[in-house]
Amino acid sequence: MLETPRRQRRDGRVAVGFLAPVCLAFAVFYLYPAIRGAWYSLTDWNLLSEPTFVGLDNYATLVSDPLFWNALKVTGYYVVLTIALQIVGGLGLAALLHRLTRSLLIRSLLLVPWLVPSVTTALLWMWLLDANLGFFNHVLRGVGLDNQGFLTSPDLALPSVAVINAWSGVGYTALLLYAGMLLIPPQIYEAAAIDGTGEVRQFFSITMPLLRPILAFVLVVSLIGSFQLFDTIAVTTKGGPVNATRVVYFYIYEQAFTHFKMGYASALALSLVLILGVLTFIQLRLLRASTSDLT
């Protein structure tokens, strides 16, 4: 009876020893920068002089800033396009893997675009989509069509960026969904096949409902990742043409390191965190991510 409390105390000290480095890293690299960012959002810091407290002035400026609201609208449009492309493409690839092949080589190849650095991916696609020398415009000319400014047209630039990043992430999304499909007991599909249910109906009546927790995870991760778009824009369009691709992340970067408005940029960043928190909460509640139909 006396050894149990001693063992509990010893186990507690071991647990604290394992958790201490993680907690310290979290405090140094996440908690402390977040607190300082919240403080800077209440100042007029410009990187060149000491910050001066200005209260909620930065947030008042944010509310009346048309460029911020345009950046938010552009980001929302991009997020919808990218998530739709990734989810539809990922579901299609995952279903093909699940039904036709479970080759380790194919699964490895699907991850290659996701493993390539985003800057390298952006440069590759910038060359492929070049209005004069790009491969895709060469194909268009070959079939008698006019050149298209995929990254220079206000109407095509953002969809092109969405396609670039969807191409990069669709393989990773497919593997996550494929892993979820493997968790579905095969007996359910066998029983449906005996009842005469076709492949398409099985997918929408069995696979999709049972994938809900995985889909919720994929949607949340994709949402957060899409809002963090920066590298592709910085390499290909730099926010243009005519603000057509000036997303929130790039706008924050410009305010901080081009216009030296670090205080205002901190307010923008904190507002983005709050927006993402609200959207993530809504997604998790609507999709009931904590429950599964398998239980």
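With 7 residues, α7 gives the most to the lining of the largest pocket. Helices here are DSSP runs of H or I at least four residues long, strands are E runs of at least two, and both are numbered from the N terminus. This is a predicted model, in which local features need pLDDT of at least 70 and side-chain atom pairs count only at pLDDT 80 or more, while totals for chains, interfaces and linings use all residues. Residues are numbered from 1 along each chain as its sequence is written, and side-chain values use heavy atoms, with hydrogens and water left out.

On a 1 Å grid over the protein atoms alone, a pocket is an open set of points with protein on both sides within 12 Å along at least five of seven lines, and lining residues have an atom within 4 Å of a point. Grid points are joined across faces, edges and corners, and the volume is the space filled by probe spheres set on them. The largest pocket comes out at about 590 Å³. Its lining runs to 25 residues, with Q86, W114, N165, G225 and S226 nearest the centre. At least two lining residues come from each of α3 (66-99), α5 (118-128), α7 (157-182), α10 (212-227) and α11 (231-236). By type, the lining splits into 11 nonpolar, 13 polar and 1 charged; Ala, Val, Leu, Ile, Met, Phe, Trp, Tyr, Cys and Pro count as nonpolar, Asp, Glu, Lys and Arg as charged, and the others, Gly among them, as polar.

The second largest pocket holds about 400 Å³. Here α1 (3-40) and α13 (262-287) each supply at least two lining residues, and α1 has the largest share, 7 residues. The lining includes F29, Y30, M262 and V273, and its make-up is 10 nonpolar, 2 polar and no charged.

Beyond its neighbours within four places in sequence, W45 is in contact (heavy atoms within 4.5 Å) with Y40, E50, P51, F260, K261, M262 and G263.

M208 belongs to helix α9 (residues 199-210). At 23% relative accessible area, M208 is partly exposed, that is, between buried (under 20%) and exposed (over 50%), using a 1.4 Å probe and protein chains only. With neighbours within four places set aside, M208 is in contact with L91, F203 and L215.

Notes: 1 Å grid on protein atoms, 1.4 Å probe; cavity = no way out; pocket = protein on both sides within 12 Å on 5 of 7 lines; lining within 4 Å.
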